[in-house]
Amino acid sequence: MEEAHHEPSGDVERALEALGKRNLVIVGLMGAGKSAIGKLVAQYLGIPFVDSDHEIERVSRMTIPELFEAYGEPEFRKLEQRVIKRLLRTGPRVLSTGGGAFMNAETRAAICENGLSLWLDADLEILWERVTKRDNRPLLKTANPKKTLEDLMIARYPTYATAHLTVKSRDIRKDAMAHEVIAAVAATLENADHDA
Ligand code: S3P
């Protein structure tokens, strides 16, 4: 059974107001919890959740590993870009993206112009523990996947850091993480108020 949760007063309303018709776009590395946390955030905000990888799999009728295998990463990125641009046209909702999506300049520009981007920033050990639970990441099919993950962190974190918001992904309950995300979104309204 779902446990009752207690949202800090007003955060949900303020987060919804801050979003308006935009998508809250969650970016970050594989294993950061983008989908798990994103789903909860959507549930608490009462708006739809969509995962770009699932949407890609739905429209192509292939799995992500199959797409990489059949067409290679560049074609996957083009498909990912088309799907994300389309998803950004309707909102509000929570949109979790695959880890590489925000690294593509055109996809990133579309996300930042049309959505509110939020980086779930996680440490290597957390990511590693989570990605080893499943075997569905083509980029980690290397001789030393932990090193690959670390290299991806080094290469990608400066770009992820350009997202509108950053929330540190920690080993705490998912609902607590979701509340932190909602609070971060709600706080953008305060900043906007001050700027005005
Ligand atoms: C990728 C991350 C994956 C998926 C694909 C490529 C990446 O999504 O899109 O395997 O480049 O980091 P998750 O971040 O949801 O695992």
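## Packing of helices H4 and H5

In this predicted model, helices H4 and H5 run roughly parallel to each other, a term for angles under 35 degrees. Helix H4 spans residues 64-87 and helix H5 residues 105-114; they pack at an angle of about 10°, with their axes 10 Å apart. Helices are DSSP runs of H or I with at least four residues, numbered from the N terminus. Axes are lines fitted to C-alpha atoms over the stretch in contact, and angles run from 0 to 180 degrees between N-to-C directions.

H4 contributes Gln81, Ile84 and Lys85 to the contact, and H5 contributes Glu106, Thr107, Ala110 and Ile111 (contact means heavy atoms within 4.5 Å).

## Ligand surroundings

The ligand is surrounded by 14 residues, of which Lys34, Asp53, Arg77, Gly99 and Arg156 are the closest; a residue is near a molecule if one of its heavy atoms lies within 4 Å of it.

An oxygen atom of the ligand lies 2.6 Å from a side-chain N or O atom of Arg77. For Asp53, the corresponding distance to a ligand oxygen atom is 2.8 Å, and for a polar side-chain atom of Arg156 it is 2.7 Å.

## Asp175 in helix H8

Asp175 belongs to helix H8, residues 174-195. Asp175 counts as buried because its relative accessibility is 16% (buried means under 20% relative accessible area, with a 1.4 Å probe and protein chains only). Beyond residues up to four places away in sequence, Asp175 touches Leu40 and Tyr44.

## Basis of the values

Residues are numbered from 1 along each chain as its sequence is written. Local features of this predicted model need pLDDT of at least 70, side-chain atom pairs count only at pLDDT 80 or more, and totals for chains, interfaces and linings use all residues, while side-chain values use heavy atoms, without hydrogens and water.

Technical notes
Helix = DSSP H or I, 4+ residues; strand = E, 2+ residues; numbered from the N terminus. Buried < 20%, exposed > 50% of the residue type's maximum accessible area, 1.4 Å probe, protein only. Parallel < 35°, antiparallel > 145°, perpendicular 65-115°, else oblique. Polar contact = N/O pair within 3.5 Å; in protein donor to acceptor, adjacent residues only side chain to side chain.
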